[in-house]
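Here are my notes on helix packing and aromatic pairs. Please read them alongside the model.

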Amino acid sequence: MTEGRILVADDTPANLSLISHVLEKEGHEIFAVSNAVDALRIAAKAKPDLILLDVMMPGHDGYYVCRELKAEPETRDIPVIFITSRNETESILKGFRVGAVDYIHKPFHAEEVVTRVATHLKISRLTRELKERNTELEAEVTRRRDAEQARDTANQRLHTLTRKEAERWGIGGFVGHSKHLKHILDDIERLQQFGKTSVLITGESGTGKELVARAIHHHSPRSEAAFIPVNCVAIPSELMESLFFGHMKGSFTGATSDRKGYFELADGGTLFLDEIGDMPATLQAKLLRVLEDGEVTPVGATKPRRVDVRVLSATNADLQSKITSGDFRQDLFFRLARYTVDLPPLRDRPEDLPILARHFLELFSSEMGCPVPAISPDALGVLATHDFPGNIRELKNVMERALILSGGKPVQPEHLQLFDSRPKPAAASRAESFDLESAEHSAIQRALEQTQGNVAEAARLLKIHRSRIYRKFPHLAGGSQ
């Protein structure tokens with residue numbers, strides 16, 4: 001095994017041969033030259049670990065060679081030991097000033113040469129390793145500093161996003177002043193201090209169940225963590241377990257890497273399960289176990305993993321009927337519905353309708369960069385007579401189309417494209433339909449006279465919804481706004 005690669009430069013053949021022989025016996029690889037020019041050429045090409053350099057050589061002396069070596073980046077770190085017959089102090093100091101690390105005096109002894117060479121090779125190796133280690137440490141420090149800066153930047157961005165999300169999904173996102181809305185806001189505020197309580201949000205499609213879920217999350221101690229929304233209807237049954245609980249690489253065909261499930265992604269935060277009533281029975285059992293134990297086991301894993309997740313769920317289905325029919329587990333229902341928030345349909349919040357309509361016009365006008373148009377009383381009257389089976393989501397779509405159709409002018413009834421979900425009469429004749437309409441019209445008119453025009457009181461007297469009165473007398477809706 002070669003101990004080191006050593007360049008020996010001496011113009012005396014006997015010295016050159018003796019030094020080379022002594023060092024080769026120690027396992028070193030020797031490059032022997034007799035002049036300065038060859039010494040510089042071989043040093044640049046071979047990059048030896050150590051150089052033994054005679055001070056007095058023809059042409060350029062050893063001091064010149066050492067200065068040249070130290071001036072080049074590729075050779076400046078190679079240790080140089082001078083060989084000299086001169087023992088003057090000034091000569092020795094000059095050698096150190098040009099960059100030498102040691103001196104060997106002629107006539108030299110083999111043991112001295114071997115010992116000094118071994119010592120400086122070791123020092124050189126340790127110095128080189130130390131420099132490499134320092135370079136690695138500097139690189140690691142730089143990497144960690146960059147990582148910390150990136151983390152700080154990411155945290156700042158996350159904080160900004162979280163703040164914007166809170167502004168978007170906070171209580172300010174709820175529009176209206178009906179008693180129903182006030183009750184919902186009271187529920188959200190009431191849940192602020194209960195960051196672990198599972199909440200079931202019920203209501204028809206389009207009533208804003210996800211908005212309520214996000215508001216509960218952003219007003220809870222978990223607001224800085226993730227909010228993971230999952231639509232239970234949109235997940236293929238064969239992937240449900242993997243998507244909810246994760247999987248390990250190779251656990252099934254296509255599992256090319258480990259993957260976290262929804263529960264692990266929501267760890268420390270909130271998991272929102274929309275349309276929970278349509279979850280398959282097999283997954284219901286696994287979900288119940290996670291809620292009870294606080295642990296998930298990824299597909300292909302042998303050990304469970306702890307998770308801290310708050311579950312908010314929502315449904316437009318009648319879960320009590322599904323429990324009776326055996327389609328939904330009662331024990332899971334009790335786990336999910338520790339607190340229930342029930343969202344009323346838009347038709348039960350008529351006082352919020354004009355406020356919401358204007359709100360959506362302002363929202364879309366801002367997005368489209370155009371002035372906010374007014375809403376005519378006639379248009380408000382038409383909106384008041386509509387049932388809105390799609391609830392707030394439907395109203396939002398209606399107002400976006402109305403903004404486009406109105407071209408910046410006040411929204412009129414002809415700009416409102418409403419979906420009529422009422423079934424058409426099949427058997428009644430036109431005469432019968434007319435008679436029924438006429439009788440209903442008269443009955444409502446009498447009730448209004450008795451209540452002095454109070455629509456709410458008239459509706460209670462006739463035991464009908466007030467929207468039915470607005471459909472018969474649109475001017476009442478427009479006038480009430």
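1. Start with tyrosine 63. In this predicted model, tyrosine 63 has 3% relative accessibility. The cut-off for buried is under 20%, so tyrosine 63 counts as buried.

2. Tyrosine 63 has a ring partner. Its ring centre lies 5.4 Å from that of phenylalanine 82, and the planes stand at 75 degrees. Edge-to-face needs an angle over 60 degrees, so this pair is edge-to-face. The two residues are 19 apart in the chain: tyrosine 63 sits in helix α3, phenylalanine 82 in strand β4 (residues 80-84). Phenylalanine 82 is buried too, at 0% relative accessible area.

3. The pair belongs to a wider group. Tyr63, Phe82, Phe96 and Tyr103 form a cluster linked by ring pairs. Across the whole structure, a search finds nine aromatic pairs.

4. The axes of α3 (residues 62-71) and α4 (residues 89-98) come within 9 Å and cross at roughly 20 degrees. Angles under 35 degrees count as roughly parallel, so α3 is roughly parallel to α4. The crossing is right-handed.

5. Which residues of α3 and α4 meet? From α3 come Tyr63, Cys66, Arg67 and Lys70; from α4, Ser91, Lys94, Gly95 and Val98. By class, the contact has three nonpolar, two polar and three charged residues.

6. One more buried pair deserves a look. Phenylalanine 244 and tyrosine 262 are both buried. Their ring centres are 5.3 Å apart and their planes are at 90 degrees, so this pair is edge-to-face. Phenylalanine 244 lies in helix α8 (residues 240-245) and tyrosine 262 in helix α9 (residues 262-265), 18 residues apart.

Conventions: Residues numbered from 1 in each chain as written. Predicted model: local features only at pLDDT ≥ 70, side-chain atom pairs only at ≥ 80, totals over all residues. Heavy atoms only, no water. Axes fitted to C-alpha atoms, helices over the stretch in contact; angles between N-to-C directions. Helix = DSSP H or I, 4+ residues; strand = E, 2+ residues; numbered from the N terminus. Parallel < 35°, antiparallel > 145°, perpendicular 65-115°, else oblique. Left-handed = near helix turned anticlockwise from the far one by under 90°. Contact = heavy atoms within 4.5 Å. Nonpolar A, V, L, I, M, F, W, Y, C, P; charged D, E, K, R; others polar. Phe/Tyr/Trp six-rings, centres within 6.5 Å; stacked < 30°, edge-to-face > 60°. Buried < 20%, exposed > 50% of the residue type's maximum accessible area, 1.4 Å probe, protein only.
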